[in-house]
Amino acid sequence: MAVIRDIAFQGGQMLLVLLLAPLLTGFVRKVKARLLRRQGPPLLQPYRDLIRLMRKDAVLADNASWLFRVIPYFVFAATWIAASLVPTFGSGLLFSWSADLIALIAVLGSARFFLALAGLDVGTAFGGIGSSREVMIASLAEPAMLMIMFTLALIAGSTQLSTMSAFMNSPEVGLRVSLGLGLIALIIVAIAENARIPVDNPATHLELTMVHEAMVLEYSGRHLAQIELAAMLKLLLYISLIACLFVPWGISPPTADPVHLAIGVVAYVGKLAVAGVMLALFETAIAKMRVFRVPGFLGAALMLALLAALLRFVSRSF
Amino acid sequence: MMVVYALFGVAALVALAPIAVAFGVSQGKDTTTTLIYGACLIVTLGLCTIALLSLFDVSHTISQATLPLGLPWLGAHFRIDALASFFLVVVNLGGAAASLFALGYGRHEESPLRVLPFYPVYLAAMNLVVMADDAFSFLVSWEFMSLTSWALVISNHRVRENLRAGFIYLLMAGFGTLSLLLAFGLLAGAAGNYAFDAIRAAPPVAGVAALVFILAIVGTGSKAGLIPLHAWLPLAHPAAPSHVSALMSGVMTKVAVYGFVRIVFDLLGTPAWWWSLVVLAIGGATAVMGVLYALMQRDLKRVLAYSTIENIGIIFAALGLALAFKTEGLNWAAALALTAGLFHVFNHSLFKSLLFFGAGSVLNATGTRDIEQLGGLIHRMPQTAFVFLAGCVAISALPPLNGFVSEWLTFQAILQSPQLPSWGLKLMVPAVGALLALSAALAAACFVRAFGFTFLGRARTPAASGAQETDSNSLAAMYIVAALCLIAGILPGVFIDALAPVVQSLVGGRMPVQTSVEWLSIVPIAESRSSYNGLLVFVFMISSGAIAAFAIHRLASDKVRRGPAWGCGYPDASTATQYTADSFAQPIRRVFGTVVFRAREIGEMPPPGSTEPARLTVELHDLIWDSLYAPIAAGVAFAAERLNYLQFLTIRSYLSLVFTALVLLLLVLAIWP
Amino acid sequence: MRGLSFDIAHMLAGSLVLVSFLQLYQDRLSALINVFAMHALVLALSVAWQAFVQEAPHLYITAVIALVFKAIVIPVALRRIIVRLGIHREIEAVVGVGLAMLVGIGLVALSMVVMLRVTAEADPLAREDLAFALSVVLLGLLVMVTRRNAVGQVIGFMSLENGLVLAATGAKGMPLVVEISVAFSVLIAFIVIGIFLFRIRERFDTVDMQAMDRFRGEQR
């Protein structure tokens, strides 16, 4: 019985993240539009876009290789796996031990690795410029993420997300300087990883300023749909990650009754909404950076994360 | 008994050298090539089996043998213990893969007689270094290893660059051997007992031990490619034929790591507190510098050589951690770090061989190693592209392949280090962690570049567009190694358990048994702290990708149309409009290179209306070469210039020089207390 | 309660270090002044919290001084100065942001190790506060070193002084007199520097310190 419940729980989470991700993106777009005094597209527009893209024929460039056609499936699968291993509404995920936080970051890293290859496959300058900038951003964001993870793992004594989340929910944790530094760094990394303003603009279609969009410029139809869905899942993943580590309240424990589960789901949706509004506010308030300002921005995240880890190494009470 | 069988195998390898010469002169090239590489394949497989048998031997018997060779009062001692058997596996697995690859690849060799006699001796020498149990046979084998690999480096002697590479290699190898010679001289002490058993029984006092430690780092580090002793490596490794490059990068650097582990963990007794600091600092710096250099290269094989330097840095960082834990008596943590380091030794030997094989196939098919001249090979060489991609994923430390597992274990070891009481380590370890994380991310960038510009895009030259898929032997070698990478990635528990006796013998602790963990996960300390299951991650990725593909193709659309790529409305864009590998690396060059390489870009625009091309010049300075090697070279040249006049003396003056020297030495002896 | 009060004090001191890092990160003068105001605000909060925890009402006065003068009066005045000088849009830094922050981290690590090693027996709150204070002082010095502009150097100097105040309030029983005198001396120094800035400006047409080196005859 317990096994069936665990499997149902894990399956439920996989479906939940898949279904919620487009809604979150639609919500952020809507809030941004309202902040700009625009009507904005309806909340469900991302779903419609995805379905429309799925139904269309995929147009491939003449010299696109087999790799180009496989990568969208891989990117989607990797991102989906990663997203379904982050505790969202409950921490009793059946397979949470199969990949801890380091492995989760690395799974996302593989997705990015292949996406960067896809940018190079067709052999146009746009794909190249996108891939080149993407790996430059990643070369700073990934170490920053790992250092943040080190700090959190040292505080929680574990790299297992469910254990970490449970620890953060316990009264032992308290206010920690290194936690604060880690949070700031994590937010910067999340912004960069999700190609949001000020690092990249998800709405732009001016080739020379794009990073992520330039990389996937040659994709169309169902391939594009999967890459877009993966991007939405990634946004959801990072928000869930921040939520489960820094505002873990309401996450239902592994052996939970329906009431706790319901509380967990409501709390989770609430957290997503708050995060979505904050993201929209931030993006509206700030201008996009020049590409070569990004290393400074991300370098600051790396330094903060390193500082947090250092403090943590030096004394347990930081 | 094992060691005797192994020595027979080594003798067989040595015997292949004269056979190669004899056959090569009488029979044709192809017959000799097939014969020698086939024989090498069989012997190395046999040696590998012996090594595996003694590694998995439950009773852990150490087999020893003494041959009446070498110094008359000492004899040549050989011995296979757990550490040696692990490195024998690495050496012979790499050797077998390289021999299989060479069965196909070696046929394209221009002058095989310059390669064939040295190749089996090279393999034999590496085996002997690992088995040696006294300083004398260790050094002789080490020197044989250096000399035969030097001969292989200059086998293609018509290229001037190769001769220069060979010269620098010979100098550095001599320097390294000299350091090791001094180290062993100090270890043996005044009694002059060169057998390892005697050294182990009487470890040197602290001051001498410190000196030996420094000499060991210099000696083995110069062979492994630690910065700043790496200068020869990116010149020599690419110059050799590709299967030999694979051996040099994948295996010989590991023999150097073996030398370091043997001396520092086994022979030197209790480590001093600052040793781990030195190893950690050098390891971290080597990792980042190596990969930054790799990102700036255009030569595919040189990219791989620099990436070897990076991986050696990672291995040494893990060894440094193990040393730190061992110093403080945290044996279980030392076991974790050492396992991580040794597992990375094994993994790197696999994927680096694979990548060099791939680079060799590309070189054969196109005649060039310059990635700016390649492109689009995925269409012409789909199978090579596939296995090369597997190697790239593995070396970039991405799940579910094996490179990730050893990095993951290293990071887990770093997370244990706040328990270390030393203040220096508390500061050093997080910094090294950041350096390793940085190097992992940069390595991914480096291999996106290496794979993307070699195999993807459109062919940039006729040579690339006319390439042919490589032969089946080479492909078989690459597929086998790639499969091993996958197996080590998804079932790491087996490999970690196999390393347990090695680690046990060196740091007196071991990681928990992994093969009994549910679902074949790996759990370094406790499941509540960290666990990773490569198999499940792999299965999940495959299955959810397959489900997505199935669902979309059934429910939505599976139609594909082909059309030209988007080129802003310009039809038939030239292949020169593609992004180049140099421009791909430009953002990273700008972020990191301005400090590390003092990189400068000088753009020259012609005046408006002029039809002259605009020029962009990029200047990179190898600061280590400029500030360390160039002054030494200048100094040597200066001294040589000054001593030149000694060449033009009369015979009488020469005789008087010799006479004076003799008398001086005798005088010294006479007044020596 | 003991645990929480400790954590909050700690968090505030840590935030002060963080804001010091933000100062290093800024390369525009006006943003630098804003961050300095924030620095002073965090200092005021920290001092007020110490006053509450130590039940030392005189520390509230220090907090108010920090809030009024350093977080409001001085930033406003500085902003007027740079607007009048017409340099509020200027970008100025001698070394890159990344390098400066790397050095900053090294300094923080150094002060941690020095303080925690020297004061092994002291009360943990005081010793870690002291370590943070030393970091703030060193980072203030670093800001002064990495700025070309005199205004940037003034800000570096004042954030250095904030670090001293943090150290003083963290240690129990610092007399109010010393407090006030320190605060006023800085205010006076600020006024003097402000006047000097205008004098320099009138004389040399710039407040760029490198330019002034030329007038000293130290050609670079």
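Reader: What distance separates the centres of domain 2 of chain B and domain 3 of chain B?

Author: In this predicted model, the centres of domain 2 and domain 3 of chain B, taken over C-alpha atoms, are separated by 46 Å. The domains of chain B are domain 1 (1-202), domain 2 (271-550) and domain 3 (623-671).

Reader: How is confidence to be read, and what pLDDT does chain B average?

Author: Where pLDDT is low, the predicted coordinates should not be read in detail. Chain B has an average pLDDT of 89, and 100% of the residues score at least 70. Within chain B, helix α15 (residues 382-395) has the highest confidence, at 95, and strand β1 (residues 63-67) the lowest, at a mean of 84. For the complex, the predictor gives an ipTM of 0.94 and a pTM of 0.91.

Reader: What does chain C average, and where is its confidence lowest?

Author: The average pLDDT of chain C is 77, with 71% of the residues scoring at least 70. Confidence in chain C is lowest in helix α8 (residues 209-216), at a mean of 63, and highest in helix α2 (residues 29-54), at 87.

Reader: How many helices and strands does chain C have?

Author: Chain C has eight helices and zero strands. Of its 220 residues, 44% count as buried. Among the contacts in chain C with a separation of 6 or more, 70% are between residues 24 or more positions apart.

Reader: Is B:G94 buried or exposed, and what does it contact?

Author: B:G94, in helix α3 of chain B, has 28 other C-beta atoms within 10 Å and is therefore buried. Apart from neighbours within four places in sequence, B:G94 is in contact with B:L247, B:G250, B:V251, B:S349 and B:S353. Its C-alpha atom is 8.0 Å from that of B:A246, a residue 152 positions away along the chain.

Reader: Which residues of chain B does A:A106 touch?

Author: Not counting residues up to four places away in sequence, A:A106 touches B:A397, B:L398, B:P399 and B:F404. A:A106 is found in helix α4 of chain A, and it counts as buried because 30 C-beta neighbours lie inside 10 Å.

Reader: How many residues does the contact of chain A with chain C take from each chain?

Author: This contact takes 15 residues from chain A and 21 residues from chain C. On the side of chain A, α11(A) gives the most, with eight residues. The classes on that side are nine nonpolar, six polar and no charged residues.

Reader: Where are cis peptide bonds found in chains A and B?

Author: One is the bond from A:I197 to A:P198, with omega near 10 degrees; A:P198 lies in the loop between α7 and α8 of chain A. Another joins B:P399 and B:P400, with omega about 10 degrees, and B:P400 lies in the loop between α15 and α16 of chain B.

Reader: Which residues have a positive phi although they are not glycines?

Author: A:A195 has a positive phi of about 55 degrees, and B:R598 has one of about 45 degrees. A:A195 is in the loop between α7 and α8 of chain A and is buried, with 21 other C-beta atoms within 10 Å. B:R598 is in the loop between α22 and β4 of chain B and counts as partly exposed, with 13 C-beta neighbours inside 10 Å.

Note on methods:
Residues are numbered from 1 along each chain as its sequence is written. Chains are lettered from A and ligands numbered from 1 in the order in which they are written. This is a predicted model: local features need pLDDT of at least 70, side-chain atom pairs count only at pLDDT 80 or more; totals for chains, interfaces and linings use all residues. Two residues are in contact if their C-beta atoms, placed from the backbone, lie within 7 Å. Helices (H or I, at least four residues) and strands (E, at least two) are DSSP runs, numbered from the N terminus. Ala, Val, Leu, Ile, Met, Phe, Trp, Tyr, Cys and Pro count as nonpolar, Asp, Glu, Lys and Arg as charged, and the others, Gly among them, as polar. Domain bounds come from an automatic or database domain assignment. A residue is buried if 20 or more other C-beta atoms lie within 10 Å of its own, exposed if 12 or fewer, and partly exposed in between; C-beta atoms are placed from the backbone. pLDDT is the predictor's confidence in each residue, from 0 to 100.
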